[in-house]
Amino acid sequence: MDCGPTCLRMIAKFYGKSIPLDYLREQSHISREGVSLLGISDAAEAIGMRSMGTKVTFEQLVKDVPKPCVVHWDQNHFVVLYQVKKGQFYVADPAFGLVKYSAEEFKKHWLATSKDGVGKGICLLLQPTPEFYEREDEKSDHGGFRFLFRYLRPHRRLMAQLVISFIAGSIILLIFPFLTQSLVDVGINNQDISFIYLVLIAQLVLFIAQTSIEFIRSWILLHISTRINISIISDFLIKLMKLPIGFFDTKMIGDLMQRIQDHRRIERFLTTQTLGVLFSVVSLSVFAIVLAIYSWTILLIFVLGSVIYIFWVWLFMKRRRQLDYKKFSQLSDNQSMLIQLITGMQEIKLNNFEKQKRWEWERIQARLFRVNVQNLSIDQYQQAGSVFVNQTKNILITVVAAMAVLNGDMTLGMMLAVQFIIGQMNSPLNELINFMHLAQEAKISLERLGEIHNQNEEEEKGKPLLNSMPVDKSLHIENLVFQYEGPHSPKVLDNIKLDIPEKKITAIVGTSGSGKTTLVKMLLGFYPPASGKIRVGETDLQNFSQQWWRTKVGAVMQDGFIFSDTITSNIAVGVERLDKERLIFAAKTANLMDMIERLPLGFATKIGQDGHGLSQGQKQRILIARVIYKNPEYLFFDEATNALDANNEKVIMENLNRVYEGKTVIVVAHRLSTVKNADQIVVLDQGVIVELGNHDELTAKRGAYYNLVKNQLELGS
């Protein structure tokens with residue numbers, strides 16, 4: 001669904017500007033389904049580009065349309081056509097990278113309509129204006145390593161200990177080749193068994209010291225990596241919880257879960273690999289100096305072989321990056337599918353489509369398998385080339401060293417020492433190669449995290465926000481317009497004008513899809529208006545701190561969530577000191593006491609997905625008790641009693657009428673028993689207020705309200 005903004009980002013980059021993808025998403029009004037061509041055009045003009053959507057023939061596309069341009073692909077995707085050369089069409093596809101097509105292949109994907117035998121396809125022409133070049137480039141440190149390394153700062157003392165251990169380990173390793181040379185040249189040549197024992201004891205002591213250092217270093221690394229991992233995930237969740245509700249409307253659960261799992265790659269790179277590569281660089285440098293003392297020729301062969309090795313690995317990096325994005329996408333789909341399978345098992349079994357759902361999952365596994373095969377193929381090619389280069393290098397070094405011994409330029413002990421040094425240098429070289437792979441993976445993961453960290457928070461930093469209630473606590477809605485997916489999507493609320501008096505009950509009724517729940521969510525501060533205002537007294541709702549505002553409001557929503565926790569914790573959410581009297585009052589008001597008393601653990605009974613199963617009516621009563629315990633100044637009930645039986649509803653409504661005293665109440669409901677006593681009733685139809693008044697006034701009109709509730713009125717037609 002990111003293909004449209006990504007195409008625009010590529011074209012902007014082609015013209016020399018790096019535009020944040022999140023900004024382009026926002027300007028193109030992205031939804032879970034993706035974006036329209038009109039949305040991409042809006043985003044293009046927002047960054048200072050001229051745009052024109054057009055339907056052209058294949059010949060016109062080749063000859064007349066300026067490249068690069070965005071083309072509509074397979075009727076459900078956008079790609080960039082950036083070059084046509086010698087009958088080949090060069091496409092930048094956000095899903096697959098740079099791809100080359102023949103004319104026939106391109107037509108098959110692009111042509112959308114055919115009239116009089118002439119096929120046409122859709123494309124978006126884009127050209128930069130002077131305003132485009134005046135824009136500042138993207139500025140963000142969340143996608144780079146500078147952002148990452150700040151997590152190491154709190155652990156400076158432990159890092160210093162690690163550096164000391166690396167130096168100590170390097171010194172110990174440095175001694176080994178000289179001991180090996182002495183063992184052969186002095187001990188064996190002179191047949192001095194005492195000296196041989198002395199050298200072997202020295203090697204054993206050094207080995208024990210090296211093992212001890214490794215042991216201590218592993219514990220320090222475990223300590224640092226665990227803390228860093230917790231910090232990174234904690235910061236990610238803190239940021240996630242500061243984002244507006246609208247962000248979660250366009251993000252899949254699997255996508256967010258996969259980003260969290262990506263932290264493991266970052267943590268592994270930051271601790272084990274980053275520190276390990278420091279040790280590798282130190283080891284390589286030290287042993288290179290020692291090797292130079294023995295033979296410059298051998299050192300040059302090693303350096304040349306290593307450069308070829310690194311170059312060979314680098315050739316595969318770009319393809320690895322593309323496959324990493326593919327794998328991330330498939331793993332996200334896999335996460336979402338598994339969550340669906342587990343949470344939706346009741347519906348799956350009820351409708352007997354277990355096989356179809358299993359097939360969907362298996363298709364995802366097949367796509368994952370293909371990506372894994374491609375990864376394995378790259379690994380095999382890379383490994384084969386690496387082994388060939390390394391073995392050739394090692395054979396050449398052995399030949400040169402052997403010739404040096406035969407020519408008298410090197411002793412046998414020196415040759416063994418050189419072989420030991422080469423072995424020790426190959427290991428850190430492999431570590432450096434592995435570091436390149438993990439650095440690339442960490443960079444990709446950082447970019448994905450950066451997409452979240454660079455999102456605008458619900459409350460802008462630095463913006464002064466109010467934290468006190470005005471004298472007039474009535475809610476005033478002025479010319480309110482709202483659209484979920486930008487200015488080109490349908491209006492969910494259209495020019496709403498409404499006053500909700502304080503300490504009164506306002507009921508909102510209407511057919512399904514008329515905008516009732518959306519209006520409630522906007523009053524709760526979940527979404528900003530497309531136009532118009534919501535005021536508390538004379539103060540715009542957006543001027544209040546949204547966190548503070550939600551301490552003043554309580555809501556029972558249609559899709560309210562029951563946590564896997566005790567009944568107490570589900571009613572008194574986020575409370576540090578429990579007020580038992582309020583808890584019991586809330587449970588009694590929601591008519592829960594009979595149910596709770598029948599449970600062996602009472603209020604301590606665990607409910608939710610991992611606990612005691614609840615009916616829909618019981619869940620609604622828990623949610624009602626939750627809002628009563630909170631005791632806010634404003635109460636919002638969105639179909640709060642629709643799952644209750646008549647007896648429970650009657651008892652709870654009588655109890656709630658006492659709770660309503662002195663509070664501003666907004667009730668969304670279909671049932672007459674819930675709304676007939678309201679001080680005013682608002683009738684919504686397709687996002688527009690069509691009637692306003694109390695029950696008696698609206699019934700007498702015999703209009704929209706009357707038609708909604710006439711079956712409950714038992715007045716006939």
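Before comparing helices I settled the terms: axes are lines fitted to C-alpha atoms, for helices over the stretch in contact, and angles run from 0 to 180 degrees between N-to-C directions. Helices (H or I, at least four residues) and strands (E, at least two) are DSSP runs, numbered from the N terminus.

The model is predicted, with local features needing pLDDT of at least 70 and side-chain atom pairs pLDDT 80 or more, while totals for chains, interfaces and linings use all residues. Numbering starts from 1 along each chain as its sequence is written, and side-chain values use heavy atoms, without hydrogens and water.

**Helix pair.** I found that the axes of α14 (residues 317-343) and α17 (residues 412-453) come within 11 Å and cross at roughly 45°. The two are therefore oblique to each other (under 35 degrees is roughly parallel, over 145 roughly antiparallel, 65 to 115 roughly perpendicular, the rest oblique). I listed who makes the contact (heavy atoms within 4.5 Å): α14 gives residues including Arg320, Tyr325 and Phe328, and α17 gives residues including His437, Ile444 and Glu447.

**Sheet.** Next I traced six strands in an open, mixed sheet, ordered β13-β16-β17-β10-β18-β19. Its edge strands, β13 (553-556) and β19 (688-693), each pair on one side only; pairing takes at least two DSSP bridges between two strands. From one strand to the next, the twist averages 15°.

I then checked β16 (residues 634-638) against β17 (residues 664-668): they pair in the parallel sense over five bridges. Phe636 stands opposite Ile666 in β17.

Last, I noted helix α23 (residues 616-630) lying across β13 and β16, at about 170° to β13.
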